[in-house]
Amino acid sequence: MLGIDWQKTAIALAAGFGGALIGVYAGVPAGSLLGSTFAVTVAALMGLRPSVPPILRDFGFCVIAVALGAGVTPDILSELARWPLSLAMLAVAMLSVIFVCGWILRRMFGADAPTALLATSPGALSYTLALADDRGADVRFVMVLQSLRLLLITLLLPPLIGFAEGGAGVAPHGDAPHIGYGAGAILLVATFILGTLMTRLRVPAPIVMGGLLLSGIAHGAGLVSGRLADPVTFVGFTVIGTVIGTRFAGISRTELKRLGMAGVVSTSVAVSISVAFAWVVARVLSLPFGQVWVSFAPGGVEGMSSMALALGYDPVYVAVHHVFRILMLILTLPILIGLAGKRSI
């Protein structure tokens, strides 16, 4: 039925929701996201091969997208006026990560130039893997390092931000009103429909972009006001964490051990670069450092947007930056790969 492997789905959901509940009740920052990610990753490395059906994955993306749009406020235009400098700095940070980490992977771990470049590309995983296959790069190397980077950033960023800012993150907008379940369902269905259409048009992060657009317009126009009900948001965060964890299904412990050091080193350097640029932007624009860091962190748009919501940061600011990063990657990666084939980068 629907091509779903129910056993693998049950494993993923049991691990994901179990880990999410433990994370929430333990008071971990972004507990549902981190708890589900960690638990499902462990299940995957144990050889249980958890998987999430596309329809459930898309539901998680819809929840995150609608929640992002709820962050649109009447003063959004005045805030946007401060973002061009931030976006420009993000572009420089992204290229710095690619060049520096790519050089490290070539010099220290023997990767060829196209493989090193794609393995350090900060986001757009499906697009990156398609390019790796098309250009003859080591797809497995790229997949493992990309997955390791996303896992490490998802698990470590919240406590690091809490340490840097002198305290753990808090639940987002805890005193904000909820929209009704009916209005929430309409927004989720509309997001899914628009996201499906944008997928066919090959728009990057289609569901997130579609939901952000729909929900943002609805909130900005006063048609709805408030956030999704907490149980719905909890499920969405948990599904996103579960999806992140399932990326380690099928990766052997031997392969993970072989490439683990490369992943840890390149991720550490990438995070350090993002920290430096985020600190400058936060100081210049008088923005919360944690908010800028989540926006500059080389993670996936869904995971980082979920984290912004869970830590109480401006979700629109974060989402716009990560969507911008994906667009830049789509435009620049083919050019950089062409250059990498002619000379070292």
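Reader: Which residue follows helix 2, and what is its phi near?
Author: Gly47 follows helix 2, and its phi is positive, near 85°. Helices here are DSSP runs of H or I with at least four residues, strands are runs of E with at least two, and both are numbered from the N terminus.

Reader: What sort of model is this, and how are residues numbered?
Author: It is a predicted model: local features need pLDDT of at least 70, side-chain atom pairs count only at pLDDT 80 or more, and totals for chains, interfaces and linings use all residues. Residues are numbered from 1 along each chain as its sequence is written, and side-chain values use heavy atoms, with hydrogens and water left out.

Reader: How many helices and strands does the chain have?
Author: The chain has 15 helices and zero strands.

Reader: What share of the chain is buried?
Author: Of the 345 residues, 55% are buried. Buried means under 20% relative accessible area, exposed means over 50%, and partly exposed is in between, with a 1.4 Å probe and protein chains only.

Reader: And what percentage of contacts join residues at least 24 apart?
Author: Counting contacts between residues at least 6 apart in sequence, 78% join residues at least 24 apart. A contact is a pair of heavy atoms within 4.5 Å.

Reader: Back to helix 2. How many of its residues are buried?
Author: Helix 2 is mostly covered, with 12 of its 15 residues buried. Among them are Leu33, Leu34, Val40 and Ala44, and Gly31 and Gly35 are also on the list.

Reader: What span should helix 2 have?
Author: Its 15 residues should span 21 Å at 1.5 Å a residue, and the end C-alpha atoms are 21 Å apart, so the two agree. The expected span is 1.5 Å times one less than the number of residues.

Reader: Helix 5, then. How far does it reach from first C-alpha to last?
Author: Helix 5, residues 83-109, has 27 residues and reaches 37 Å, close to the 39 Å expected. Gly110 comes after helix 5 and has a positive phi, near 70°.

Reader: Which residues other than glycine have a positive phi?
Author: Arg49 is one of them, with phi near 55°, and Ser286 is another, also with phi near 55°. Most residues other than glycine have a negative phi.

Reader: Where do Arg49 and Ser286 lie?
Author: Arg49 is in the loop between helix 2 (31-45) and helix 3 (54-69), while Ser286 is in the loop between helix 12 (253-285) and helix 13 (289-296).

Reader: Buried or exposed, those two?
Author: Arg49 is partly exposed, at 45% relative accessible area. Ser286 counts as exposed, at 61%.

Reader: Changing topic. At what angle do helix 9 and helix 10 pack?
Author: Helix 9 (residues 181-200) and helix 10 (residues 206-220) pack at about 135°, with their axes 8 Å apart. The axes are lines fitted to C-alpha atoms over the stretch in contact, and angles run from 0 to 180 degrees between N-to-C directions. Helix 9 and helix 10 are therefore oblique to each other. Angles under 35 degrees count as roughly parallel, over 145 as roughly antiparallel, 65 to 115 as roughly perpendicular, and the rest as oblique.

Reader: Which residues meet there?
Author: From helix 9 they include Leu187, Leu194 and Met198, which meet a set in helix 10 including Ile207, Met209 and Leu214. By class, that contact has nine nonpolar, seven polar and no charged residues. Nonpolar covers Ala, Val, Leu, Ile, Met, Phe, Trp, Tyr, Cys and Pro, charged covers Asp, Glu, Lys and Arg, and the others, Gly among them, are polar.

Reader: What about helix 3 and helix 11, how do they cross?
Author: The axes of helix 3 and helix 11 (residues 230-246) come within 8 Å and cross at roughly 125°. That makes helix 3 oblique to helix 11. The residues in their contact divide into 11 nonpolar, three polar and one charged.

Reader: Last topic: what does Thr120 touch?
Author: Leaving out residues up to four places away in sequence, Thr120 touches Val97, Ile98, Cys101, Gly102 and Leu105. Thr120 and Val97 are 23 residues apart in sequence and 7.2 Å apart in space, C-alpha to C-alpha. Thr120 is in the loop between helix 6 (113-119) and helix 7 (125-134), and is buried at 5% relative accessible area.

Reader: And Ser266, what does that touch?
Author: Ser266 touches Cys101, Leu105 and Leu145, again not counting residues up to four places away in sequence. Ser266 is in helix 12 and counts as buried at 8% relative accessibility.
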